[in-house]
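Dear colleague,

I am handing over the structure we spoke about, and you will find it just below. My notes on what turned up in it follow.

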Amino acid sequence: MKMITNYPMTERIRSIEPFHSPRNLFLKILIFAGVFLVANTVQSCILTVGMLPRLFAWTIEKVESGAVVSTDEAMAFIQNMLLDPSMTLITLYSTAVVTICCLLFCRLVERRKADTIGFTKKGAFPQYLLGLAVGFAMFSTVVGISYLMGGLTANGLSGGKITGILLALLGFGIQGMSEEVLCRGYFMTSVLRHHKPWVAVVSNSVIFAVLHGSNPGVNLLAIINLTLCGVMFSLYVLRTDNLWGACALHSIWNFVQGNFFGLPVSGINAGDSVFTFSLNEGMSLANGGAFGAEAGIPTTIVLTAVILILLFVPFGKKTEAAA
């Protein structure tokens, strides 16, 4: 079976002028770091504003009780506050800043149009729906494998509030899109402009994994799986010739993980969920431990299978011709 390496997106991106992006990969990475730093700084300002009322109330309570607030104690309080489900929602919605910054950079600096980022109008809605279905099926398979391996115990319905679940769905819709626009829509296509597809896929996937390196409970297997996630999302974008499907897939993967099955999302508690599952002790390879299923073997199995399908299985007229 022949590996599919020719993608319509590659030809489109390389044929469009103007497209102001340096040829040197190292420079591309430096520029990416700058864009990410600006976006992350603006997002941090938004989060800080969201945290100030609770931080002030906690500080006043400590002062009135006569306690001396140390820097370590304050940092621990802030860290715990960031892990609170209510702050998780603010964090999810604030990621819209990342999408906006990337789109502005691509349009104003690189002089690019939306279709070079992957936001093609034709078939956008069907591709988004397909991405939702694929993402739901993929993570449900991960949960099924983990359950069969003895990593999870099903506890039934959680009784989570429907409002909280719907707010999380919208939040993950924004968050999933922000990461896809940053890593695939902007950076991968920028690399694809002057380099081979495998360079674009590998470079953005490694960066994608590194960006999650400070999440709670992260370990080596989590980093490996996050890199595989990046590869899978990248190939999905290239095979479908648009970014919409990957945005949906990424968003529903995170939402289903946290707010449908009630599992940690990259080490973070996502709040209200439809079902709850307990992580069985001593079975971290099967359930991912504190980081969640993304640090488990079932995720490795599912991602590897999907990557092989995207690499070798023809589908669609354009892909078959390119293969």
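Predicted model: local features only at pLDDT ≥ 70, side-chain atom pairs only at ≥ 80, totals over all residues.

**Cysteines, aromatic pairs and the core**

C101 counts as buried at 18% relative accessibility, and C247 counts as buried at 1%.

The search for aromatic pairs gave 13 across the whole structure. In one of them, F260 and F275 have ring centres 5.2 Å apart and planes at 70°, so the pair is edge-to-face; it links F260 in helix 11 (residues 244–260) with F275 in strand 2 (residues 275–279), 15 residues apart. The rings of F261 and F277 are also edge-to-face, because their planes stand at 70°, with centres 5.7 Å apart. F261 lies in the loop between helix 11 and strand 2, and F277 in strand 2, so this pair ties together parts 16 residues apart in sequence. F275 is partly exposed at 28% relative accessible area, whereas F261 is buried at 9% and F277 is buried at 17%.

As for the largest nonpolar core, it has 71 residues, of which M138, F139, Y186, M232 and L235 touch the most other members. Helix 8 (residues 162–192) supplies the largest share of this core, eleven residues.

With best regards

Key
Residues numbered from 1 in each chain as written. Heavy atoms only, no water. Core = buried A, V, L, I, M, F, W, Y, C linked by side-chain atoms within 4.5 Å. Buried < 20%, exposed > 50% of the residue type's maximum accessible area, 1.4 Å probe, protein only. Helix = DSSP H or I, 4+ residues; strand = E, 2+ residues; numbered from the N terminus. Phe/Tyr/Trp six-rings, centres within 6.5 Å; stacked < 30°, edge-to-face > 60°.
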